[in-house]
Amino acid sequence: MAEKNYVEHLAASVLDNLRYQHDWTELQILTHSPLDNSPLPRPLISGLPPRRLYLHPDDQIELLKSHRNPEEGIPETPAVEWVLPIHLAEKWTLRGFASVFDSMPSQTSTAPDRVKRVLLATVHDDSTVVYYFMHDGIVKPRQN
């Protein structure tokens, strides 16, 4: 029971940080999958950042091909992001991260593949939150 309260408090702290410090909207804490209502291994946060956070290298190449004019900006339409709140002192394994990726619903109904990345929200004892992208598998480097 104490573990559940701790994890819920951690998720609420990260949600507040995203809402009030980073201007995210449409935030919600999910403890069960929206697809089949099965319990998630950890609470996840879904939300909409104020601008696009990440562009996959394959998508980046396609956008550069379709937007040849350098004066024309590349659209930064925000996309829903998934956030996994953890504490710095927690010990995670690859199996633990894989179970989180396995339990996450796909981002769109047209792409039934599993989610390719999650934003890892690492909370320190002093309430500092640091965000890292964690990818499911190996991702080739960005093109500069």
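Student: Is E81 buried or exposed, and how does one read this?

Tutor: Buried means under 20% relative accessible area, exposed over 50%, and partly exposed in between (1.4 Å probe, protein chains only). E81 has 2% relative accessibility and therefore counts as buried. Please note that this is a predicted model, in which local features need pLDDT of at least 70 and side-chain atom pairs count only at pLDDT 80 or more, while totals for chains, interfaces and linings use all residues. Residues are numbered from 1 along each chain as its sequence is written, and side-chain values use heavy atoms, with hydrogens and water left out.

Student: Where is E81 found?

Tutor: Helices (H or I, at least four residues) and strands (E, at least two) are DSSP runs, numbered from the N terminus. E81 belongs to strand 3, which covers residues 81-87.

Student: Which side chain does the side chain of E81 join in a polar contact?

Tutor: A polar contact is a pair of N or O atoms within 3.5 Å; within protein, one must be able to donate a hydrogen and the other to accept it, and residues adjacent in sequence count only if both atoms are side-chain atoms. Here the partner of E81 is R117, at 2.9 Å.

Student: With which residues is E81 in contact, leaving aside its neighbours within four places in sequence?

Tutor: Contact means heavy atoms within 4.5 Å. For E81, the list includes W24, I45, P49, R117 and F133.

Student: What is a nonpolar core, and which residues have the most contacts inside the largest one?

Tutor: In soluble globular proteins, nonpolar side chains tend to be buried together. A nonpolar core is a set of buried Ala, Val, Leu, Ile, Met, Phe, Trp, Tyr and Cys residues joined through side-chain atoms within 4.5 Å. The largest has 13 residues, and those with the most contacts inside it are L44, W82, L84, V100, M104, V118 and L120. Strand 2, strand 3, helix 3 and strand 4 each give two or more residues to this core. Another core, of 12 residues, lies apart from it and includes L15, W24, L27 and V123.

Student: Which residues of helix 3 are buried, and what covers them?

Tutor: In helix 3 (residues 94-103), the buried residues are G96, F97, V100, F101 and S103. Their cover includes strand 2 (39-48), strand 3, strand 4 (117-123) and strand 5 (129-135).

Student: Where does N37 lie, and what is its phi?

Tutor: N37 lies in the loop between strand 1 (25-32) and strand 2. Its phi is near 65 degrees, a positive value in a residue other than glycine. N37 is exposed, with a relative accessible area of 56%.
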